[in-house]
Amino acid sequence: MARAPVPIALLEFEDAEASSLAAVLEEASWQVRISSTREIGSLTANTAFDAVIVGAHGARAAELCERLRGNGYLGPLVVVGTRDEPSGSAAAALEKGADDFIAKPFDAPELLARIRAVQRRALAHSPVRSGVIVLDRSERIAYLRDRPLRLTAREYALLACLVEADGKMMTRAELLWRVWRRDSDPGSNLVEAHLSRLRDKLGADAPVIETVRRSGYRFRP
């Protein structure tokens, strides 16, 4: 299946290395943008990147990571260095915001796998917005119309299951397993009781959680 045309930015690579790396990434169906340091502002302004890959070495790599994060870039950030970097260079880059440090020489499949791994980790923690609800998955906080909801851990997990189902109906059994890791509920009505409290906290927006008669529940933004 073809990927959406979202680019990867290569920052501060030598020309020959940038061209070689771009060819590898384009073969894997990414678009590539080769950028200079003076373009850091544009990398973080209203532009979505699958990743930014930094080719600087030593303290310079850590400095660029810090500038990118300071300018508001929240996406995957990978530093490509060498095995003979000064001591502590990799740790410094990671401390300043890099998600991974890849030492040359490396195989193309390893590079692609490492980029995809940091993308998966970023996606797992990225916010989810659906209608009036926003889920901050890194902090496990739900917002209703931009105001935080005071939910218990189970209530948050229940709401997250319904929101992340993206309109698909969730059966009672699915929710019971996903939230409580139970495959049965002899008489305690866990799902119904927690849904009732969750709806109370949603107030006038409670209808976003729809009961599908005799089948389950659905989030309708």
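## A pair inside helix α5

Let's start with Glu110, which is partly exposed at 32% relative accessibility. This is a predicted model, and in it Glu110 forms a salt bridge with Arg114, with the closest N and O atoms 2.9 Å apart. Arg114 also counts as partly exposed, at 25% relative accessibility.

Where do Glu110 and Arg114 sit in the helix? They are four residues apart in α5 (residues 108–125), so about one helical turn separates them. Side chains of opposite charge can pair when their charged atoms come close.

## Bridges between distant parts of the chain

Next up is Arg129, which forms a salt bridge with Asp146; here the closest N and O atoms are 3.8 Å apart. This pair ties together distant parts of the chain, 17 residues apart: Arg129 belongs to strand β6 (residues 128–130), while Asp146 lies in the loop between β8 (141–144) and β9 (147–148). Buried or exposed, these two? Both Arg129 and Asp146 are exposed.

Glu66 and Lys96 also meet through their side chains, in a salt bridge of 3.5 Å, N to O. They are 30 residues apart and link distant parts of the chain, with Glu66 in helix α3 (residues 58–70) and Lys96 in the loop between α4 (89–95) and β5 (100–104). Glu66 is partly exposed, with a relative accessible area of 43%, and Lys96 is partly exposed too, at 37%.

## The wider picture

How many salt bridges does a search of the whole structure find? It turns up 15. Some share partners: Glu12, Arg60 and Glu63 are joined that way into one network.

Note on methods
Residues are numbered from 1 along each chain as its sequence is written. This is a predicted model: local features need pLDDT of at least 70, side-chain atom pairs count only at pLDDT 80 or more; totals for chains, interfaces and linings use all residues. Side-chain values use heavy atoms; hydrogens and water are left out. A salt bridge is a side-chain nitrogen of Lys or Arg within 4 Å of a carboxyl oxygen of Asp or Glu. Helices (H or I, at least four residues) and strands (E, at least two) are DSSP runs, numbered from the N terminus. Buried means under 20% relative accessible area, exposed over 50%, partly exposed in between (1.4 Å probe, protein chains only).
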